[in-house]
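Hello,

Here is the structure to look through. My notes follow it.

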Amino acid sequence: MKVRIDYDLCMGDGNCHRVCPAVFDYDDRNLRGVVKMDVVPPEHEEAVRRAADECAPGAIAVEE
């Protein structure tokens with residue numbers, strides 16, 4: 001699985017980082033979430049899907 005954030009849509013609320021801190025970080029300077037890795041480890045896939053589902057503007061794209 002791969003995941004990316006569309007920064008044109010990201011509201012910067014940090015929810016993705018709260019849901020899955022192993023994969024997402026928060027950029028305090030630019031006030032937006034960031035993806036910390038290219039490929040999501042299997043043990044974090046469910047949390048990444050949950051973060052994408054909970055992303056209000058739909059900025060998180062998951063590629064299975």
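The side chains of Glu54 and Arg50 form a salt bridge, 4.0 Å from N to O (a side-chain nitrogen of Lys or Arg within 4 Å of a carboxyl oxygen of Asp or Glu). This is a predicted model: local features need pLDDT of at least 70, side-chain atom pairs count only at pLDDT 80 or more, and totals for chains, interfaces and linings use all residues. Residues are numbered from 1 along each chain as its sequence is written, and side-chain values use heavy atoms, without hydrogens and water.

Glu54 and Arg50 both lie in helix α2, 4 residues apart, about one turn of the helix. Helices (H or I, at least four residues) and strands (E, at least two) are DSSP runs, numbered from the N terminus.

The structure holds 4 salt bridges. Arg49 forms one with Glu45, at 3.6 Å between the closest N and O atoms. Arg49 also meets Glu64, at 3.0 Å from N to O. That pair links distant parts of the chain: Arg49 is in α2, Glu64 in the segment after β4, 15 residues apart. Glu45, Glu46, Arg49 and Glu64 are linked in a network of salt bridges.

Which residues of α2 (residues 45-54) are buried? They are Glu45, Ala47, Val48, Ala51 and Ala52 (buried is under 20% relative accessible area, exposed over 50%, partly exposed in between; 1.4 Å probe, protein chains only). They cover an arc of only 165° around the axis, so they lie on the same side of α2 (the arc is that of the directions from the helix axis to the C-beta atoms). The face turned away carries the exposed Glu46 and Asp53.

Best wishes
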